[in-house]
Amino acid sequence: MIDPPHPFDSLVPEVIIEAVESVGLPCNGRLLALGSYENRVYQVGLEEVDPVVVKFYRPGRWSVAAILEEHAFSAELRAAEVPVVAPLQLADRGGEGTTLHEIAGFRFAVFPRRGGHWPELATRDDRQWLGRFLGRLHAVGSRRPFVHRHRLDPHRMGRGSTAWLLQEGWIPEYLEPRYQQVVEEVLERVDDAFRAVGEVRSLRIHGDFHRNNLLWTDAGPHFVDLDDCLNGPAVQDLWMLLAGGREEQSEQLRDLLDGYRDFAFLDHRELGLVEALRSLRMIHYTAWLAQRWTDPAFPLAFPWFGEARYWERHVGELEEQLLAMDQPPLSLGYD
């Protein structure tokens, strides 16, 4: 059986070059695919000037209004001197300056190329620096909500993802009863955590603020993509920076917040959501991989996904999350 073509199959080099030249940039034909699965991102060489980075959005994922809201947020951050790589405003074939363009059924944006390396966050100074960076981002994000983008929805991420996986038959039959039992227990604990914390402030957040989405230079951190930005609690952007055991995570969190509080306020009740949010991400991530499996890039990048041992490990990790959610919130050592 031959798999049906995927929309990105038609994004061939000729289309990429035509896209860049359609916004007035003279392309020298040098293309380099960059690491991206949800979208397609390329470094494109230009005549006599530095290369640019071109992002082609996954067809059907975002509305034009939602993409433009992402671009507007990046421009607002840049105006506030928060180091974000924002899309360039370029004249398309219609002669109007805009950040979002279209060619051959693909929406795309052009960004300046920015280098850097992934942060290790091994020192207190680095963590405080990143905390200040994130505090500045959230200070801007708290000014107004998104209108056209998602909000962080525990039901969609948890029960919605689980129902889809079961309906589509992704869970191995011999594991399905155990999976259903543990995921229901996890989601009950998630509901309990959100009820215990109560209503918390929702603001515009990055949404996927982990170390692989940050670049670090001598001038400090910056990020290059707001593709997953949404309305949600501030702690969603904090917990993803934490690693190691509870004591290590508590120390890292204290350092981050020492910098964060220079620019933004965190309601400490939100710390009671850390493990619940981690659980939701684990469940949602598996559904995301499954929903994208018809994209040829995914089986190549994640060949282990779908094997029985992957699901055995996933169920085991969810069982570990039950224990983690029984623990008290991470300690800051002060009120």
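Modeller: Here are questions and answers on those topics. This is a predicted model, where local features need pLDDT of at least 70, side-chain atom pairs count only at pLDDT 80 or more, and totals for chains, interfaces and linings use all residues. Residues are numbered from 1 along each chain as its sequence is written, and side-chain values use heavy atoms, with hydrogens and water left out.

Colleague: Between which two elements does Glu81 lie?

Modeller: Most residues other than glycine have a negative phi. Glu81 has a positive phi, near 65°. Helices (H or I, at least four residues) and strands (E, at least two) are DSSP runs, numbered from the N terminus. On that numbering, the loop that holds Glu81 runs between α2 (64–79) and β4 (90–91).

Colleague: Is Ala104 buried or exposed?

Modeller: Ala104 sits in the loop between β6 (101–103) and β7 (106–112). Phi of Ala104 is positive too, near 50°. Buried means under 20% relative accessible area, exposed over 50%, and partly exposed in between (1.4 Å probe, protein chains only). At 57% relative accessible area, Ala104 is therefore exposed.

Colleague: Which residues does Phe209 contact, beyond its neighbours within four places in sequence?

Modeller: Contact means heavy atoms within 4.5 Å. Phe209 is one of the residues with the most contacts inside the largest core. With those neighbours set aside, its partners are Leu130, Phe133, Leu134, Leu137, Leu214, Phe223, Asp237, Met240 and Leu241.

Colleague: How many residues are in the second, separate core?

Modeller: Its members include Val20, Tyr42, Val52 and Phe106. The count for this second core is 20 residues.

Colleague: Which element gives the largest share of the lining of the second largest pocket?

Modeller: On a 1 Å grid over the protein atoms alone, a pocket is an open set of points with protein on both sides within 12 Å along at least five of seven lines, a cavity is a set where a 1.4 Å probe fits but cannot get out, and lining residues have an atom within 4 Å of a point. The second largest pocket has 17 lining residues, with Ala193, Gly272, Glu275, Met325 and Gln327 nearest its centre. Elements giving two or more residues are α5 (176–197), α8 and α10 (308–325). The largest share, five residues, comes from α5.

Colleague: What space lies in the largest cavity?

Modeller: Grid points are joined across faces, edges and corners, and a volume is the space filled by probe spheres set on the points. The structure holds one cavity of 30 Å³ or more. Glu70, Ser74, Val84, Val85, Pro87, Phe111, Val224, Asp225 and Leu226 line the largest cavity. The space in it is about 50 Å³.

Colleague: How many disulfides are there?

Modeller: A disulfide is a pair of cysteine sulfur atoms within 2.5 Å. Cys27 is buried, at 9% relative accessible area, and Cys229 is buried, at 0%. The disulfide count is zero.

Colleague: Which residues does Ile17 contact, leaving aside its neighbours within four places in sequence?

Modeller: Ile17 belongs to helix α1 (residues 13–22). Ile17 is partly exposed, at 23% relative accessibility. Its contacts are Cys27, Gly29 and Leu31.

How values were computed
A nonpolar core is a set of buried Ala, Val, Leu, Ile, Met, Phe, Trp, Tyr and Cys residues joined through side-chain atoms within 4.5 Å.
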